[in-house]
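User: Hey, I've just opened this one and I'm new to it. Can you walk me through it?
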Amino acid sequence: EKETKLQNIIAARGTVKAAKIVGNGEFEDFIAFSIYDSKPVYFISMACEELVWKQKERKVWSSVLGKFVVVPFLCLNVIDDYNNKMNNVDIADQLHGVY
């Protein structure tokens, strides 16, 4: 049963659901989307103009080669922008909650 659950999680990984909500004058357009990794992650954005996959790279340890190798992966542009352009705002918010 545990193995079946793990297989379902692996099969769902990378699943994206998205919707564009069109404003009616009282509010602006926004995009809501979710992406499933090991758990679902939800985003709502009024700043997103398009939702596209970006190819990125990261170093991963290869036990076969005994060294780090560069591995390509896909990331949504909104997530990449959030991770790289928030100027540590999210980290500050997390630390604020501790004190």
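User: Which residues are linked in a network of salt bridges?
Analyst: Lys54, Lys56 and Asp80 are. A salt bridge here is a side-chain nitrogen of Lys or Arg within 4 Å of a carboxyl oxygen of Asp or Glu. Keep in mind that this is a predicted model, where local features need pLDDT of at least 70, side-chain atom pairs count only at pLDDT 80 or more, and totals for chains, interfaces and linings use all residues. Residues are numbered from 1 along each chain as its sequence is written, and side-chain values use heavy atoms, with hydrogens and water left out.

User: How many salt bridges turn up in the whole structure?
Analyst: The search finds 2. In one of them, Asp80 pairs with Lys54, and the closest N and O atoms are 2.8 Å apart. Asp80 lies in helix α2 and Lys54 in strand β4, so the pair ties together parts that are 26 residues apart in sequence. Helices (H or I, at least four residues) and strands (E, at least two) are DSSP runs, numbered from the N terminus.

User: And how far apart are the closest N and O atoms of Lys56 and Asp80?
Analyst: They are 3.0 Å apart in that salt bridge. Lys56 is in strand β4 and Asp80 in helix α2, so this pair ties together parts 24 residues apart in sequence.

User: Is Asp80 buried or exposed?
Analyst: Asp80 is buried, at a relative accessible area of 7%. Buried means under 20% relative accessible area, exposed means over 50%, and partly exposed is in between (1.4 Å probe, protein chains only).

User: What else is buried in helix α2?
Analyst: In α2, which covers residues 77-85, Asn77, Val78 and Ile79 are buried along with Asp80. The buried residues of α2 pack against β2 (30-36), β3 (40-45), β4 (53-62) and β5 (67-76).

User: Now the strands. How many bridges join β4 to β5?
Analyst: There are 10, and the two strands run antiparallel. Strands count as paired if DSSP finds at least two bridges between them. Lys59 stands opposite Val70 in β5. The two strands form a hairpin with 4 residues between them, and Gly66 in the turn has a positive phi of about 70°.

User: What does Ser34 touch?
Analyst: Leaving out residues up to four places away in sequence, Ser34 touches Thr15, Val16, Lys17, Val41 and Tyr42. Contact means heavy atoms within 4.5 Å. Ser34 is found in strand β2 and is buried, with a relative accessible area of 17%.

User: Val16 came up there. Where does it sit?
Analyst: Val16 is in strand β1, residues 16-21. Val16 is partly exposed, at 31% relative accessible area. Together with Trp53 and Leu74, Val16 forms a nonpolar patch on the surface, with about 280 Å² of accessible area in total.

User: Switching topic: where is Ile10 found?
Analyst: Ile10 is in helix α1, residues 2-12. Ile10 is exposed, with a relative accessible area of 54%. The C-alpha atoms of Ile10 and Ser38 are separated by 7.8 Å, and these residues are 28 apart along the chain.

User: Last one: where is confidence lowest and where is it highest?
Analyst: In the protein chain, helix α3 (residues 89-98) is lowest, at a mean of 64, and β4 is highest, at 93. These are pLDDT values, the predictor's confidence in each residue, from 0 to 100. The chain's mean is 82, and 85% of its residues reach 70 or more.

Notes. Patch = residues over 30% accessible without salt bridge, like charges linked within 9 Å, V, L, I, M, F, W, Y side chains within 5 Å. Areas by Shrake-Rupley, 256 points an atom, 1.4 Å probe, with all protein chains shown as cover.
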